[in-house]
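Me: I'd like to go through this one label by label and ask what stands behind each. Can you take the questions as they come?

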Amino acid sequence: MRAVLPLLLGLAGTAHAQVVPTASAADAPICTDRPTKSNFACTVPAGAVQIEADAFSLLGTGGNGSRTTIIAVTNPTLKLGLTAHSDLQFNWSPHIRVRQRDTDGTVRTLSGPGDLTIRYKHRLTDATGAFQLALLPFVKLPTAPTGIGNGAVEAGLALPINYSLPGGWTITLGPQLDLLANAEGRHLGLTGLVNVARQIGALTLYGELWTSHSLDPAGTTSQYSLDLALAWLPRPTLQFDVGANIGLNPQTPDIVGYMGVSTRF
């Protein structure tokens with residue numbers, strides 16, 4: 001790590017310098033809904049196409065002798081700029097592998113595609129203002145096999161809120177209301193996060209606290225995580241990122257690690 005940090009800072013000095021990207025203007029640096037779990041209020045410029053993808057992600061969780069590992073090989077989101085204030089997004093992973101090891105040592109594996117999530121983002125604020133706010137309704141369609149997905153249509157509404165501060169700082173809030181499936185029908189879920197980002201040259205550092213509560217009548221499940229990430233913009237329309245989400249209670253995956261790339265054209 002001591003050898004890598006000077007290299008990254010050197011890259012930051014030679015690559016394209018930018019403030020933490022929150023703008024939706026066509027000539028602004030690429031603004032993405034990654035890394036971390038946060039969404040930004042920015043939209044893809046009208047007529048532009050943007051791809052944001054995990055090159056690789058790994059989830060691991062377990063306890064009492066059991067272990068579940070989930071690997072996703074690419075997890076792309078395709079974004080289409082519709083207007084100066086809105087875009088349409090499609091997220092679908094073509095290959096997910098689930099490996100489960102039970103307490104008796106039995107190992108089971110399952111592979112297949114993920115669910116399809118369709119999102120529409122509409123920005124309510126000026127494209128270049130320090131304060132940014134958007135509406136982000138979404139629906140999840142059950143395209144994954146049983147064991148990878150739950151076979152149900154689910155939906156929700158997120159409210160991305162960003163505020164850019166002097167010195168390259170950005171604060172992001174992410175309240176979200178979910179409509180989730182259960183054995184009897186549907187129930188509500190509540191998600192929230194606080195994200196603080198700091199731009200240093202062409203690098204952006206992210207720290208985030210995230211929580212999610214599934215209000216199932218059979219029993220509420222609450223999850224908490226600490227999410228850390230680093231993004232690098234070698235040029236205004238290209239971003240590379242790496243991150244890790246660390247579970248803070250037994251109901252949350254122990255660790256989620258990922259590497260990703262985003263580009264706009």
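This is a predicted model: local features need pLDDT of at least 70, side-chain atom pairs count only at pLDDT 80 or more; totals for chains, interfaces and linings use all residues.

Me: Which residues form the nonpolar patch on the surface?

Reply: Phe131, Tyr163, Leu165, Trp169, Ile171, Leu173, Val194 and Val196, with about 660 Å² of accessible area together. The areas come from the Shrake-Rupley method with a 1.4 Å probe, and for residues only the protein chains shown count as cover. Patch members need over 30% relative accessible area and no salt bridge; like charges are joined within 9 Å, nonpolar side chains (Val, Leu, Ile, Met, Phe, Trp, Tyr) within 5 Å.

Me: Which strands supply at least two residues each?

Reply: E10 (161–165), E11 (169–173) and E13 (186–200), and Tyr163 sits in E10. The largest share, three residues, is from E11. These names are DSSP runs numbered from the N terminus: helices (H or I) have at least four residues, strands (E) at least two.

Me: What makes Lys37 and Asp227 a salt bridge?

Reply: The rule asks for a side-chain nitrogen of Lys or Arg within 4 Å of a carboxyl oxygen of Asp or Glu. Here N to O is 2.9 Å, so the pair qualifies. Lys37 is in the loop between helix H1 (4–14) and strand E1 (49–63), Asp227 in strand E15 (residues 221–235), and they are 190 residues apart.

Me: Are those two partners buried or partly exposed?

Reply: Asp227 is buried, at 0% relative accessibility, while Lys37 is partly exposed at 30%.

Me: What is the distance for Lys140 and Asp115?

Reply: Their closest N and O atoms are 3.6 Å apart, and the pair forms a salt bridge. Lys140 lies in strand E8 (residues 131–141) and Asp115 in the loop between E6 and strand E7 (116–123), so the pair ties together parts 25 residues apart in sequence. Lys140 is buried at 12%, and so is Asp115 at 16%. The count of salt bridges comes to eleven.

Me: How do you know that E5 and E6 pair?

Reply: Pairing takes at least two bridges found by DSSP. Six join E5 (residues 96–101) to E6 (residues 107–112), so they pair; the two run antiparallel. Val98 stands opposite Leu110 in E6. The strands form a hairpin with five residues between them, and Gly105 in the turn has a positive phi of about 95°.

Technical notes
Residues are numbered from 1 along each chain as its sequence is written. Side-chain values use heavy atoms; hydrogens and water are left out. Buried means under 20% relative accessible area, exposed over 50%, partly exposed in between (1.4 Å probe, protein chains only).
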